[in-house]
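Open the model in your viewer and keep the selection tool ready. We will go from one stop to the next.

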Amino acid sequence: MEVLEDKLLNIGLPILLTLAVARLVYIFLSPRSPARLPPVIATWPVMGGVVRFLKGPVAVIREEYPKLGSVFTLNLLNKKITFLIGPEVSAHFFNGSESDLSQNEVYRFMVATLGPGVVYDVDYSVRLDQFRFCTEGLRANKLNGHVYQMLLETQWRGGHKTRVGPSDQPDSEQMSAERRSAKQALRRGVRSLRRPRQEYAQHQRPVPLPPHPGPPAPRPGPQEAQGGLRGDHSRAKAHRQIGERPAAVPDGYSRYRDGRPTTESEITGLLIGTLIAGRNTSSITATWTGAHLLSNKKYLPLVLHEQRNLVGKHGKKVDHDVLLEMEILYRCIKEALRLHPPQLLLRTSLSDFSVKTSEGKEYDVPKDHIIATSPAFANRLPHIYKDPDAFDPDRFAPGREDDKAAGAFSNISFGGGRHGCLGDAFAYLQIKATWSHLLRNFEVELVSPFPEIDWKSMVVGVKGKVMVRYKRRELPITH
Ligand code: HEM
């Protein structure tokens, strides 16, 4: 009996020990082991996560980041969202390949707006071709061609009251409203180069800010009204709208790499997509820039001084090169956008991946999670930006450059990496053209209180209207 017990002990104990060690190895080291999953936000069962998320993703992150660190998961019914917050962990988000972190699933709702066969409804390689068609006109060497139009739009809008600021409709409704208005604009000819119909008015009565830098919606001419998008004429019109005259379109410009030409419906979808990508984003950034500038006693005089110097140097001419010299205005826009960038960027993980935090913790994020990062939160991290809630454009000035000092993905207003914004240079140019024109030609005064943030839309706008009073004036020149 004793011999049997000894045998059992000799064989059983090592087996038990081996199993225990294997379990520990599984728990702490093996991929997808529970111990290596990101911490999960504590919520009420079933609907708890949804209730938290509906209060606003940035509110969730603000509450959980100090407790859980830079990587954590929120259960949303049958979905899990894993947040990667801060440059230390978001590199994977921005650099991940499309086969690992895909946009198609999370941005699929856009297909209803853009139509089938466009951007998030096609393989990544086709999408890259489609972006190439759209962004050909946004290349640095083409940007100068847009400046005259930007100024013209500012003038045209300057004399008109326009609906500005975010809509309080839910996103999906807003999208279809965007689609309707974009479609109408396309039918009518988005970029009508008509002379401004009205010279500047003088508005002593407050008007909303800013003159909308989005496309104007001029009345259709008789031909345009009947024409719609048809045949060569419509394609030529579409090309004009993205900044190319048909004669200058190089062979194969709107052909896929396999030689297939684009269809009209694809061109329409891409134009609508470009409008959506660049319209509200730039408009809202222009509004925030104005609100910050007009209520800032230090930077408004500096920006005006810069404008006076430039008028002294170049006269009234404003072109691409002159706009590039507006460095203080550029930093003010960059800072307004740092404070008010898009709320959330999303992907879906199509494979498991690991991520290491700056504290050395390593997490395994499983496949099929929604992966999120938040420019609105990450752009205000205090270990990157001193006094992060303050409007301090000099943080981007030579000698400081806080964002560069902190490394890649420290300022993610325009996203970054593989899917970084393709229109950032265009957006800066447009907002600089708008504000330099307004400040050179008008004395503008903010008459409403500094706006609150409206967290209801993805591109965070202002709550209510930002009202300004303005009167014509010519900026005195500094020689
Ligand atoms: C202040 C203005 C703008 C802001 C804040 C902004 C922001 C962004 C952000 C954050 C992304 C990345 C989205 C993601 O990673 O999921 C993005 C992508 C993009 N943006 Fe912008 N954008 C602006 C203006 C524009 C303009 C004017 C255009 C074009 C005329 C444009 C075209 C695009 C395109 C085509 C992409 C997709 C790039 C890709 O997926 O590879 N954006 N933008």
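Start at a hairpin, the one made by strand 6 and strand 7, with 5 residues between the strands. Select Gly 360 there: its phi is positive, near 90°. Helices (H or I, at least four residues) and strands (E, at least two) are DSSP runs, numbered from the N terminus.

Now show residues 353-356, strand 6, and residues 362-365, strand 7. They pair in the antiparallel sense over 4 bridges; pairing requires that DSSP finds at least two bridges between two strands. Pick Ser 354, and opposite stands Asp 364 in strand 7.

A word on the model. It is predicted, so local features need pLDDT of at least 70 and side-chain atom pairs count only at pLDDT 80 or more, while totals for chains, interfaces and linings use all residues. Residues are numbered from 1 along each chain as its sequence is written.

Next, select Leu 329, Cys 332, Ile 333 and Leu 429. Of the 38 residues in the largest nonpolar core, these touch the most other members. Such a core is a set of buried Ala, Val, Leu, Ile, Met, Phe, Trp, Tyr and Cys residues joined through C-beta atoms within 7 Å. Buried means 20 or more other C-beta atoms within 10 Å of a residue's own, with C-beta atoms placed from the backbone. Color helix 17: the largest share of this core, 9 residues, comes from there.

Last stop: a second, separate core of 26 residues, including Ile 41, Val 71, Leu 101 and Val 460.

Zoom out. The protein has 17 helices and 12 strands, and 34% of its 479 residues are buried.

Terms used:
A residue is buried if 20 or more other C-beta atoms lie within 10 Å of its own, exposed if 12 or fewer, and partly exposed in between; C-beta atoms are placed from the backbone.
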